[in-house]
Amino acid sequence: MRLVILGGSGSGKSTQAQRLCRYFDIPLISTGEILRSAISGDQPVPEFRSLESDPRTSFSVYASLSELGYHAQPYMQKGDLVPDEMIVELIRIRLTQPDINCDWVLEGYPRTAFQAEELDFFLDDLGQKLDWAIYLQVPEAVMVSRSLGRSLPDDQPEIVQRRVELFYDRTIPILEYYDRRRCLLTINGDQSPEMVQQNILTLLSVP
């Protein structure tokens, strides 16, 4: 099962990604968590291994994930999207780490239509295919109030508002992309986490 969880800041995508990973017993790849860990240094993060001998990917321009986190930090502090080339590289390398097999849940990526296309291209190279993109649809006011209720350091009012604006500007075209590819599932995210999870499993045709 290969899933992408889409939604704005505070839509509950992190919660649902974690729940689905536990349900299917598959790894979670969260770009936000990877980058926050790299920036804070609070948790061990997987170092980028050399990819010169791996024909599936290009060689990393960053010596470690911590270095990429250092370069991404200014964008995250302002609520801006980390540049495509940084995030695309992070995901390409993360998907080839030894702890990641053919099944995973991807949260926090893609955030632009370009990133969605790049993911499909890379999965083709790996001989894989995305099963579903799950969009958690939540009203803007709910996204803002949920985000402000969290204790993450980058959840300041002006940063949250910036992220919500970017979501509508950049992420909505991704929904059209996945809809055309007939792999988009839209879920009402303004419900209890348990109900949202059950609705997702129902649409995935999982008992």
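**Exercise 1. Aromatic pairs**

Task: State how many aromatic pairs the structure holds, and classify the pair formed by Tyr-23 and Phe-24.

Solution. 
1. In this predicted model, the number of aromatic pairs is four.
2. For Tyr-23 and Phe-24, the ring centres are 5.1 Å apart and the planes stand at 80 degrees.
3. Planes over 60 degrees apart count as edge-to-face, so the pair of Tyr-23 and Phe-24 is edge-to-face.
4. Tyr-23 has a relative accessible area of 39% and is partly exposed.
5. Elsewhere, Tyr-135, Phe-167 and Tyr-168 are linked into a cluster by ring pairs.

**Exercise 2. The fold in outline**

Task: Describe the order of helices and strands along the protein chain, and give the share of its residues that is buried.

Solution. 
1. The protein chain contains five strands and eight helices.
2. Their order along the sequence is β-α-β-α-α-α-β-α-β-α-α-β-α.
3. Of the 207 residues in the chain, 51% are buried.
4. Among contacts with a separation of 6 or more, 74% are between residues 24 or more positions apart.
5. The accessible surface of the chain is about 10200 Å², and carbon and sulfur atoms account for 50% of this surface.

**Exercise 3. Two helices in contact**

Task: Determine how helix 4 and helix 5 are oriented relative to each other, and identify the residues through which they meet.

Solution. 
1. Helix 4 covers residues 84-94 and helix 5 covers residues 113-126; their axes come within 11 Å and cross at roughly 30 degrees.
2. Angles under 35 degrees count as roughly parallel, and therefore helix 4 and helix 5 are roughly parallel to each other.
3. The crossing of these two helices is right-handed.
4. From helix 4, the residues involved are Asp-84, Ile-87, Val-88, Ile-91 and Arg-92; their partners in helix 5 are Phe-114, Gln-115, Glu-118, Leu-119 and Phe-122.
5. An α-helix has 3.6 residues a turn, so residues three or four places apart point the same way.

**Exercise 4. Backbone exceptions in loops**

Task: Locate the residues Asp-25, Arg-182 and Pro-110, and describe the backbone feature of each.

Solution. 
1. Most residues other than glycine have a negative phi, and most peptide bonds are trans.
2. Asp-25, in the loop between helix 1 (13-24) and strand 2 (28-30), is not a glycine but has a positive phi of about 55 degrees.
3. Arg-182, in the loop between helix 7 and strand 5 (184-188), is likewise not a glycine and has a positive phi of about 60 degrees.
4. Asp-25 is exposed at 69% relative accessible area, and Arg-182 is exposed at 74%.
5. Pro-110 sits in the loop between strand 3 (104-107) and helix 5; the peptide bond joining Tyr-109 to Pro-110 is cis, with omega about 0 degrees.

Conventions: Residues are numbered from 1 along each chain as its sequence is written. This is a predicted model: local features need pLDDT of at least 70, side-chain atom pairs count only at pLDDT 80 or more; totals for chains, interfaces and linings use all residues. Side-chain values use heavy atoms; hydrogens and water are left out. Helices (H or I, at least four residues) and strands (E, at least two) are DSSP runs, numbered from the N terminus. Buried means under 20% relative accessible area, exposed over 50%, partly exposed in between (1.4 Å probe, protein chains only). Contact means heavy atoms within 4.5 Å. Accessible areas come from the Shrake-Rupley method with a 1.4 Å probe; for residues, only the protein chains shown count as cover. Rings of Phe, Tyr and Trp (its six-membered ring) pair if their centres lie within 6.5 Å; planes under 30 degrees apart count as stacked, over 60 as edge-to-face and the rest as tilted. Axes are lines fitted to C-alpha atoms, for helices over the stretch in contact, and angles run from 0 to 180 degrees between N-to-C directions. Angles under 35 degrees count as roughly parallel, over 145 as roughly antiparallel, 65 to 115 as roughly perpendicular and the rest as oblique. A crossing is left-handed if the near helix is turned anticlockwise from the far one by less than a right angle, and right-handed if clockwise.
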